[in-house]
Amino acid sequence: MVFIQVSEAQEPKVATIKKLYNKMIEDKHEDILSRMGSIVSQGIINAAGRNATISLTTRDGNLRQNAIVGLMLFMQHWFWYPMLNFITLSLTPTALIGLNKDLKVPKSFKCISNAKPSIYRYPEFIKVDKDKKKDKVATAVLSTTTKAKARKERKEGKQAEPPTPKVPDDTEMADEEKKEAGEKKEEEKEGEKKEEEKKEEVEPDFQELKNPSRVVKEQEKKISYLTEARYHPVLQTRYAGFVILKEVNPPAEDAAPEEYYDDEERDQDAPNPDLQTDLKIPAAFEFDEDVQNGPDSEDD
């Protein structure tokens, strides 16, 4: 729970903990309760594909009752294992999704993350060695079976001749050793080249995020909006979740039309495809930006 959505660049201990969990999960001689704890821990750290975190409050600071109850029930899973699933009630998505006045997601909206991409990037997938073959265990042959087989062959007039093992020549062994040494050298050279390429690449100090994009809790402090962009957020201090946008800089007349991510999900044959809802639409009202973003807005 402490290291959920924490990358190795933020805390080097994450790599050590992941190796420990993987080792305990794969070790069949490990205690069953320790293996179970490692599996549950891996699931919490990688919850929702690293796209969600545990949060007991909303973005406005109000308590989430379902999250508190879910986490409390999860803490009692020792008495009843199905309670493990209640932890999902305390999870909340970590993303920034910009919506315009029609609640559509424009593709042109972007923001800047003022941090190196490696700090908040997704963790690497677990690499499975598919070429690794399991060692076959030699079948045990009893001495009584061997004697019975030899007795049967003597009765039938056959004489079992022991197979002559093929001893490899010195030249063959030398060739194999040279081949293995050459392969090792090539692998070492490739590893050195990759390390040199990584060192030569200079990582930028910022990253441009598209709409929608993954933004973790710690990353919200590093988000900034483009001043010359077409859309600006209505709430300028909101850097995650659903962000309502207003069009400040309209595009030129000859510019390409705006593209949206939800166009293919809308029914164009409906009577009102842009305002399709079963709820009553609230009446129009005036929004005072100075009052909303003012210093005394929290006290009010």
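In which loop is A48 found? A48 is found in the loop between α2 and β1 (52–54), helices (H or I, at least four residues) and strands (E, at least two) being DSSP runs numbered from the N terminus. The structure is a predicted model, in which local features need pLDDT of at least 70 and side-chain atom pairs count only at pLDDT 80 or more, while totals for chains, interfaces and linings use all residues. Residues are numbered from 1 along each chain as its sequence is written, and side-chain values use heavy atoms, with hydrogens and water left out.

Although A48 is not a glycine, its phi is positive, at about 55 degrees. A cis peptide bond, with omega of about -5 degrees, joins N211 and P212. P212 lies in the loop between β5 (207–210) and β6 (213–214). Most residues other than glycine have a negative phi, and most peptide bonds are trans.

Helix α1 (residues 13–26) packs with helix α2 (residues 32–45) at an angle of about 135 degrees, and their axes are 8 Å apart. Axes are lines fitted to C-alpha atoms, for helices over the stretch in contact, and angles run from 0 to 180 degrees between N-to-C directions. The two helices α1 and α2 are therefore oblique to each other (under 35 degrees counts as roughly parallel, over 145 as roughly antiparallel, 65 to 115 as roughly perpendicular and the rest as oblique). In the contact (heavy atoms within 4.5 Å), K18, Y21, N22, M24 and I25 of α1 meet S34, R35, S38, I39, S41, Q42 and I45 of α2. The residues of this contact divide into 5 nonpolar, 5 polar and 2 charged; Ala, Val, Leu, Ile, Met, Phe, Trp, Tyr, Cys and Pro count as nonpolar, Asp, Glu, Lys and Arg as charged, and the others, Gly among them, as polar.
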